[in-house]
Amino acid sequence: MRIVDHDTPDGPDKILHIRSVGCDVNIIVGTHDPNGVPFTTIEILPREPDDDGVRWTHFGTSNVVVMPVSHGEALLGRSPAEPASPPFHGEVHR
C-alpha cells in the first residue's frame, strides 16, 4: 500500500488523479458549498476503453462527497445530538 498525504486544499495538489486497472479516481479537496462548508469529492471514472480496448463500467455510485458530520446530519434530517450509525451497503438513512 502506498500512502499519499493529500490534505492541502489551497496547494497545487487540489486534485489527486489516480490511474488504476479499469478506472481513474479523482480526489478533489478544498471545495465548499454556498454556505462555506468544506467538502471533498471522490469520483470513480471507468476507462472507456482502456489501453487494451476493454470497456469498463461501474456498479453503484461513482461520486461521493465527504463533509463534516454536523453538516451531513442536517442534510439527513437528524440533529447533531443524535448518534449516527453508519449505513450498511446500499442502505440510505432518512
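Which residues form a nonpolar patch on the surface, and how much accessible area do they have together?

Analyst: The model is predicted, so local features are described only where pLDDT is at least 70 and side-chain atom pairs only at pLDDT 80 or more, whereas totals for chains, interfaces and linings use all residues. Residues are numbered from 1 along each chain as its sequence is written, and side-chain values use heavy atoms, with hydrogens and water left out.

The nonpolar patch on the surface is formed by Val21, Val54 and Trp56, which together have about 290 Å² of accessible area. Accessible areas come from the Shrake-Rupley method with a 1.4 Å probe, and for residues only the protein chains shown count as cover. A patch is made of residues with over 30% relative accessible area and no salt bridge, like charges being joined within 9 Å and nonpolar side chains (Val, Leu, Ile, Met, Phe, Trp, Tyr) within 5 Å. Valine 21 is placed in the loop between E1 and E2, and it counts as exposed because its relative accessibility is 70%; exposed means over 50% relative accessible area, buried under 20%, and partly exposed in between, again with a 1.4 Å probe and protein chains only.

The protein chain has 1 helix and 4 strands, in the order β-β-β-β-α along the sequence; helices (H or I, at least four residues) and strands (E, at least two) are DSSP runs numbered from the N terminus. Strand E1 (residues 15-20) runs antiparallel to E2 and is joined to it by 6 bridges, two strands being paired if DSSP finds at least two bridges between them. These strands form a hairpin with 2 residues between them, and glycine 22 in the turn has a positive phi of about 85°. Further along this pair, isoleucine 15 stands opposite isoleucine 28 in E2. E2 in turn runs antiparallel to E3, with 8 bridges between them, and their hairpin has 5 residues between the strands, among them glycine 36 with a positive phi near 90°. E3 and E4 are also antiparallel, joined by 4 bridges, and here isoleucine 42 stands opposite valine 64 in E4.

A search of the whole structure finds 2 salt bridges, a salt bridge being a side-chain nitrogen of Lys or Arg within 4 Å of a carboxyl oxygen of Asp or Glu. In one of them, arginine 19 joins aspartate 24, with the closest N and O atoms 3.5 Å apart; arginine 19 is exposed, at 54% relative accessibility, whereas aspartate 24 is buried, with a relative accessible area of 14%. Aspartate 24 also forms a salt bridge with arginine 47, where the closest N and O atoms are 3.0 Å apart. Because aspartate 24 lies in strand E2 (residues 23-32) and arginine 47 in the loop between strand E3 (38-46) and strand E4 (63-66), this pair ties together parts that are 23 residues apart in sequence. Both aspartate 24 and arginine 47 are buried, and through shared partners the salt bridges join Arg19, Asp24 and Arg47 into one network.

Leaving aside neighbours within four places in sequence, asparagine 26 is in contact with Ile15, Leu16, His17, Thr41, Ile42, Glu43 and Leu45, where contact means heavy atoms within 4.5 Å. Its side chain makes a polar contact of 2.5 Å with the side chain of histidine 17. A polar contact is a pair of N or O atoms within 3.5 Å; within protein, one must be able to donate a hydrogen and the other to accept it, and residues adjacent in sequence count only if both atoms are side-chain atoms.

For the protein chain as a whole, 21% of its 94 residues count as buried, and carbon and sulfur atoms make up 58% of an accessible surface of about 7500 Å².
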